[in-house]
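Hi everyone, thanks for making time for this one. Let me put it up on the screen.

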Amino acid sequence: MMMLTMYKIFETVDEVSRYTAQRLLEKIQTAPKAVLGLATGSTMEPVYAQLLDDMQHSPTDVSQLTTFNLDEYIGLSAEHPQSYNFYMYQHLFNHLHLPAANVHLPDGLAHSIDQACQAYSAAIQAMGGLDLQLLGIGSNGHIGFNEPHTCFNSRTHVVELSEQTRIDNGRFFTNQNETPTHAITMGILDILEAKEIILVATGANKTNIMAQLFESAIDESLPASALKQHPNLTIVMDREAAALLPKQAYKNAV
Ligand code: GLP
């Protein structure tokens, strides 16, 4: 398999978001039945805002689009303001009006959680897999909620969040005790099977991990390194996130 990672490095978060939104819009417009894998987090907020803005100027039929979100906290309902379900409706779905049946999010309150996990990966496969997966990255290199040492062959599963992730994400909760301890996440294999992947990293909090990712071998201690075996990966960064990348990374950057 040919390995191809394209680096796109921009000055500002604004430019990163414009580029990423444009890629999403192009995908939806050229493949109206596309299956998109979507991410949450602060990084994606300006991306979704830009996508909605772009769609104002370029009306786009989303009636046949299908989406699968990467992850969700266990124990938070869809109405909880910090649930990823709530986030997605707030930042995207309340404005995009996809058919409800086409929107998929892991259920953080599922009773038979292992069954729900299996059903989630099966549903992705039943749709023919993900056409494009959008990803952020945790400061410890997690993708979705696949923490360091997650098996690269994993499907949707329950994870115990690492201390680092609970500290990072604690900023959204009133205190650390409220930060969930567990989550459901699409597995690394589910992600790797996407036909196209765009990973977005912005800000100083991502500088170290992006340098580590660039240098790293493909190794389960750094979940995002699994992406290095993907044939169609774009890594989009602002200058801050890319600040410690060696010059050779910039050679490919446009
Ligand atoms: C969170 C989510 C990831 C997200 C990442 C980065 O914990 N589980 O899906 O991509 O961490 O988040 P942020 O964009 O807020 O830095």
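Let's begin with Cys151: its sulfur has its closest cysteine sulfur in Cys117, 15 Å away, which is too far for a bond. Please keep in mind that this is a predicted model. Seen from the other end, the sulfur of Cys117 also has its closest cysteine sulfur 15 Å away, in Cys151, and again that is too far for a bond. A disulfide needs the two sulfur atoms within 2.5 Å. A search of the whole structure accordingly turns up 0 disulfides. Are these two cysteines buried or exposed? Cys117 is buried, with a relative accessible area of 3%, whereas Cys151 is partly exposed at 38%.

Now to the sheet. Which order do the strands take? It is an open sheet of 7 strands, ordered β1-β10-β9-β6-β2-β3-β5, with parallel pairing. β1 and β5 stand at the edges with a single partner strand each, so one side of each has no neighbour in the sheet.

I'd like to stay with strand β10, residues 233–238, for a moment. On one side, β10 is joined to strand β1, residues 5–10, by 6 bridges, and the two run parallel. If you want a residue pair to click on, Ile9 has Met237 in β10 as its bridge partner. Strand β9, residues 196–201, is joined to β10 by 5 bridges, also parallel. There, Val200 stands opposite Val236 in β10.

How covered is β10? It is mostly covered, with 6 of its 6 residues buried. Leu233, Ile235 and Met237 point one way, while Thr234, Val236 and Asp238 point the other way.

Leu36 stands opposite Leu132 in β6.

Next, the packing. In soluble globular proteins, nonpolar side chains tend to be buried together. Here the largest nonpolar core has 67 residues, and those with the most contacts inside it are Leu92, Leu199, Met210, Leu227 and Met237. Met237 is one we have already met, as the bridge partner of Ile9. What does Leu199 touch? Leaving out residues up to four places away in sequence, its contacts include Leu135, Ile137, Ile143, Met210 and Leu227, and also Leu233, Thr234, Ile235 and Val236.

There is also a second, separate core of 8 residues, and among them are Tyr73, Tyr84, Leu161 and Ala183.

How many aromatic pairs does the structure hold? There are 9. The rings of Tyr73 and Tyr84 have their centres 4.9 Å apart and their planes at 45°, so this pair counts as tilted. Tyr73 lies in strand β4, residues 71–73, and Tyr84 in helix α3, residues 84–96, so the pair ties together parts that are 11 residues apart in sequence. Both tyrosines are buried.

A second pair, Tyr89 with Phe93, is edge-to-face, at 5.3 Å centre to centre and 70° between the planes. Both residues lie in helix α3, 4 residues apart, about one turn of the helix. Tyr89 is partly exposed, with a relative accessible area of 29%, while Phe93 counts as buried at 5%. And for anyone who likes clusters, Tyr73, Tyr84, Phe145 and Phe173 form one aromatic cluster.

Last stop: the antiparallel pairings around strand β8, residues 182–185. β4 pairs with β8 in the antiparallel sense over 3 bridges, and strand β7, residues 157–160, is joined to β8 by 4 bridges, also antiparallel. Which residue of β8 is the bridge partner of Glu72? It is Ile184. Ile184 is the bridge partner of Val158 as well.

That's my tour, and I'm happy to take questions.

Key
Residues are numbered from 1 along each chain as its sequence is written. This is a predicted model: local features need pLDDT of at least 70, side-chain atom pairs count only at pLDDT 80 or more; totals for chains, interfaces and linings use all residues. Side-chain values use heavy atoms; hydrogens and water are left out. Buried means under 20% relative accessible area, exposed over 50%, partly exposed in between (1.4 Å probe, protein chains only). Two strands pair if DSSP finds at least two bridges between them. Rings of Phe, Tyr and Trp (its six-membered ring) pair if their centres lie within 6.5 Å; planes under 30 degrees apart count as stacked, over 60 as edge-to-face and the rest as tilted. A nonpolar core is a set of buried Ala, Val, Leu, Ile, Met, Phe, Trp, Tyr and Cys residues joined through side-chain atoms within 4.5 Å. Contact means heavy atoms within 4.5 Å.
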